[in-house]
Amino acid sequence: MTSRYESLMDVVRSRMTNRAFAPAEIPRAHVEMILGAARHAPSGANAQPWHFIVVTDEGAKAAIGQDDIQKQVKPLLSGPDELSIIDVMCFGPPLKPSYKRGKKWLDQIVSWDRFDPANAMTDAQINEWVKTTRHKVMYRDESRVD
Ligand SMILES: Cc1cc2nc3c(=O)[nH]c(=O)nc-3n(C[C@H](O)[C@H](O)[C@H](O)COP(=O)(O)O)c2cc1C
């Protein structure tokens with residue numbers, strides 16, 4: 001069991017957000033492997049109310065950067081009126097090397113059995129944190145987090 005957990009954690013720990021991708025031809029088989037995992041996602045009453053549109057056309061990909069995705073992109077992908085595009089996921093090799101962002105420790109985010117007020121923040125404290133601290137930790141490399 002521990003080795004299965006470690007294998008999973010290897011994937012979980014090394015996941016990082018990328019915002020720019022190097023040009024690359026993604027093999028169809030790789031996309032299908034990702035979709036193969038996606039189809040096992042849970043859904044209410046197992047209704048599986050999703051449909052994935054794999055966009056490979058460069059022009060369509062460029063258009064997807066637009067703000068009003070429902071208006072501009074849905075017609076491009078022949079999406080029916082009654083369906084909405086709810087997310088766009090990008091895949092590919094990162095343009096620049098990724099780096100792991102700092103993550104909170106368990107004792108900062110977990111209580112057992114009942115809520116531990118030690119880490120609770122008031123609205124005022126949260127607003128103050130957003131104003132004075134968020135920008136310092138937002139994109140910080142894991143090795144530079146105190
Ligand atoms: C709900 C949600 C909204 C996000 N919105 C944005 C966004 O608008 N712009 C952006 O550049 N990144 C966005 N991100 C990515 C986060 O900035 C990123 O997950 C965070 O900095 C932690 O980095 P990591 O994913 O590499 O661990 C979002 C992530 C989530 C989960």
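Ser-78 lies in the loop that joins α4 and α5; helices here are DSSP runs of H or I with at least four residues, strands are runs of E with at least two, and both are numbered from the N terminus. The model is a predicted one, in which local features need pLDDT of at least 70 and side-chain atom pairs count only at pLDDT 80 or more, while totals for chains, interfaces and linings use all residues. Residue numbers start from 1 along each chain as its sequence is written. The phi angle of Ser-78 is near 60°, a positive value in a residue other than glycine. Most residues other than glycine have a negative phi. Ser-78 is classed as exposed because it has 7 other C-beta atoms within 10 Å. The classes rest on C-beta atoms placed from the backbone: 20 or more others within 10 Å make a residue buried, 12 or fewer make it exposed, and counts in between make it partly exposed.

A positive phi is also found at Asp-113, near 70°, and this residue too is not glycine. Asp-113 belongs to the loop between α5 and α6 (123-132). With 5 other C-beta atoms within 10 Å, Asp-113 is exposed.

The loop between α4 and α5 also holds Pro-93. Pro-93 counts as exposed because 11 other C-beta atoms lie within 10 Å. Although Pro-93 and Ala-22 are 71 residues apart along the chain, their C-alpha atoms are separated by 5.7 Å. Apart from neighbours within four places in sequence, Pro-93 makes contact with Phe-21, Ala-22 and Ala-24, a contact being a pair of residues whose C-beta atoms, placed from the backbone, lie within 7 Å. Lys-100 is placed in the loop between α4 (69-76) and α5 (106-109) as well. Lys-100 is partly exposed, since it has 13 C-beta neighbours inside 10 Å. The C-alpha atoms of Lys-100 and Pro-27 are 26 Å apart in space, and the two residues are 73 apart in sequence.

The protein chain contains seven helices and zero strands, in the order α-α-α-α-α-α-α from the N terminus. Helix α1 comprises 13 residues (2-14) and spans 18 Å from its first C-alpha to its last, close to the 18 Å expected at 1.5 Å a residue; the expected span is 1.5 Å times one less than the number of residues. Zero of the 13 residues of α1 are buried, so this helix lies largely in the open.

For the protein chain as a whole, buried residues account for 0% of the 146 residues. The radius of gyration is 20 Å, whereas a compact globule of 146 residues would have one near 15 Å; the radius is taken over C-alpha atoms, and the globule rule is 2.2 Å times the number of residues to the power 0.38. Along the principal axes, the C-alpha atoms fill a box of roughly 50 × 45 × 40 Å. Of the contacts between residues at least 6 apart in sequence, 57% join residues at least 24 apart.

The domain assignment gives domain 1 (18-76) and domain 2 (106-144), with bounds taken from an automatic or database domain assignment. The centres of the two domains, taken over C-alpha atoms, are 33 Å apart.

Mean pLDDT, the predictor's confidence in each residue from 0 to 100, is 88 for the protein chain, and 95% of the residues score at least 70. Confidence is highest in helix α2 (residues 28-38), at 96, and lowest in α4, at a mean of 79.

Definitions and conventions. Contact = placed C-beta atoms within 7 Å.
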